[in-house]
Amino acid sequence: MTVLDMRDVRKVYRSGDADIVALDHATLHVDHGEIVALLGPSGSGKTTLLSIAGGLLTPTEGTVEVGGHDISDYSAKQLTEFRRENVGFVFQSVNLVPFLNAEENLLVVDELGGGRGGRTAKGRARQLLDELGLGHRLRNLPAQLSGGERQRVAIGRALFNNPKLVLFDEPTSALDTKLGAQVMELIRSEMKARDTAAVIVTHDSRMTEYADRTVRIVDGRLAADGATPDTAAAAKA
Amino acid sequence: MLPFRELRRRPSRFVVATVVLSFLATLLLFLGGLLDGLYLGSTGAIRSQDADVIVFSSGSRDSFLRSRIAGDLRQQVESADGVDEVGGIGFVLLGAQVPGESELADVAVAGYEIPPKGVPAPPADGEGVADSSLRDRGVSTGDTILVGPAETPVTIIGFVDDTSYLQQASVWVNLPTWRVVQNANRPDAAVADDIVQALVVRGTGDLANSIDAATDGGTNTLTIDEAVLALPGVQQQGDTFDQIIYSTLVVVLAVVGLFFSLLTIERIGLYGVLKAIGASTARLFAGVVLQAVIVATISFVIGSLLALLAAAMLPDGVPLTLIPSRFVFTFVGLLVAAVLGSAISLRRVTRVDPASAIGTAS
């Protein structure tokens, strides 16, 4: 079953008198439990694609369905609610709330959804952190955690609401190679264990080995694993 | 949870704003306390009048000192529509020798017929009921004070609260005693037996117009509130202090606005992430307002304690009076300024783009 279904999506930014095409007729399907690596250089449009897939941006053209919700024409308010309930995010620089401890950083998701961090929510946060190997770090602030531990807390936060799709934005860019590999292994095992789909944006081709499939993006155009956007376009023609 | 946790875990971020607002709260209470002290000390004798209007002679510009009402004018007032009861009143400001004290006490000898609130019926000749502020000057019940250069004796038979007149302690006497004191000590302004300075009137209907019509313009009648504001300096004092107080509240607003604007700029990255994971602008903005309200509340408590401490350390002569309503006014003023000040951050919070959380390295 498809979790993310992007069809013919274009994103055009207006800059002065010129139109800049950030995403050019991109079509991407991600199935349940599938891990897709989105590989591309800076400025290729991978951030735009991730933002549209996660309901942070709306497409100029095309349709976007996530978990059965067609979010193409959602208002900003609808998108806020959609993101809160359906998508998990792990950001490049982790971006935990610095004055909240590990457990509270997970409970933020519950609070934003109108919860009060009750017993059920706390139980869920502790269970997640325990599974992520942070059961002994519940009360530590982000500044007291290592880079890898912070990233694991961020993964826990992304998984807190049982999303169908988790979007990772360069999750290993702030980590050294060894730690990056460990985090990618953890992401893979956590996603597979929950049958959760994931799109992982990276510019590091070594990280693609942890994905089920790699999609390359150059100049806003997508191509499947092994093909460049140009050869894909030629094959299509 | 977020706004509270930040306040608790990072109190140092809010220390500067809290300290500045605490001093501003102290200043607001201090200014308000001075205004209230001046107002209460000047107007007690008029505010306590248990009547509806006060009648001055025309041309007196509503001044007790200049106003004179003779018996025939009084009869015209008594015959006016709606008038139920009329009483004469007169004031004379003098120094008084107090037993056992070397310095003169300032007193306002007030002659009356209709008792003001809290004041008993007019006492016997030569006796007076004093404002309690005279007790602070060493006067006790049964003491005889010698009033004015003529040293007119008045025996104090009791005390009443909050009846000062132009910062001087009132001594409530019957009209004949007032005339004795007035004529002995102010011979240039001596009054005949049927003369009073003004009339206090109880009645119904449009008393002021009815009385002024009945006297054919011989009187100018004011409500009690109008008479209070007609006292020398009261209106001007109030306006001046109010301007300073409202200017200070504008400073509070600016401090809160500036502080939380800077804090919001610092948090733009965090707000981007929180919006990305589902926080609404309303929720984030409510957090800013809530923190501003909490900081203002803490500052008010500290400011109140400082103001009370300052009031306790001030010499007796300073007319600082801290009344509960001033604390309420200051607290509400601080809260309103805090909410309005923090509202300056709304635009900035609204403009934070959740998409900014993606593709950002720091």
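This is a predicted model: local features need pLDDT of at least 70, side-chain atom pairs count only at pLDDT 80 or more; totals for chains, interfaces and linings use all residues.
**Notebook: helix packing, cores and the A/B contact**

Started with a crossing: helix 2 of chain B and helix 10 of chain B cross in a right-handed way.

Helix 10 of chain B covers residues 324-343, and the two helices pack at an angle of about 140 degrees with their axes 10 Å apart.

Then I asked which residues meet. From helix 2 of chain B I listed B:Ala25, B:Leu28, B:Leu29, B:Gly32, B:Gly33 and B:Asp36; they meet B:Arg326, B:Phe329, B:Thr330, B:Gly333 and B:Leu334 of helix 10 of chain B. By type, I get five nonpolar, four polar and two charged residues in this contact.

Moved on to the cores. The largest nonpolar core holds 105 residues, and A:Leu4, A:Leu38, A:Ala53 and A:Val199 have the most contacts inside it. Helix 2 of chain B (residues 12-47) turns up again: its nine residues are the largest share of this core.

I checked A:Leu4 separately. Leaving out residues up to four places away in sequence, A:Leu4 touches A:Leu28, A:His29, A:Val30, A:Ala53, A:Val66, A:Leu165, A:Ala197 and A:Val199. Apart from the 105-residue core I found another one, of 56 residues, including B:Ala51, B:Val83, B:Val109 and B:Trp172.

Last, the chain contact. I have 23 residues of chain A in contact with 21 residues of chain B. On the chain A side, helix 1 (46-53), helix 2 (76-86) and helix 3 (102-112) of chain A are the elements giving two or more residues. Helix 3 of chain A gives the most, with four residues. That side of chain A splits into ten nonpolar, eight polar and five charged residues.

Notes
Residues are numbered from 1 along each chain as its sequence is written. Chains are lettered from A and ligands numbered from 1 in the order in which they are written. Two residues are in contact if their C-beta atoms, placed from the backbone, lie within 7 Å. Ala, Val, Leu, Ile, Met, Phe, Trp, Tyr, Cys and Pro count as nonpolar, Asp, Glu, Lys and Arg as charged, and the others, Gly among them, as polar. A nonpolar core is a set of buried Ala, Val, Leu, Ile, Met, Phe, Trp, Tyr and Cys residues joined through C-beta atoms within 7 Å. A residue is buried if 20 or more other C-beta atoms lie within 10 Å of its own, exposed if 12 or fewer, and partly exposed in between; C-beta atoms are placed from the backbone. Axes are lines fitted to C-alpha atoms, for helices over the stretch in contact, and angles run from 0 to 180 degrees between N-to-C directions. A crossing is left-handed if the near helix is turned anticlockwise from the far one by less than a right angle, and right-handed if clockwise.
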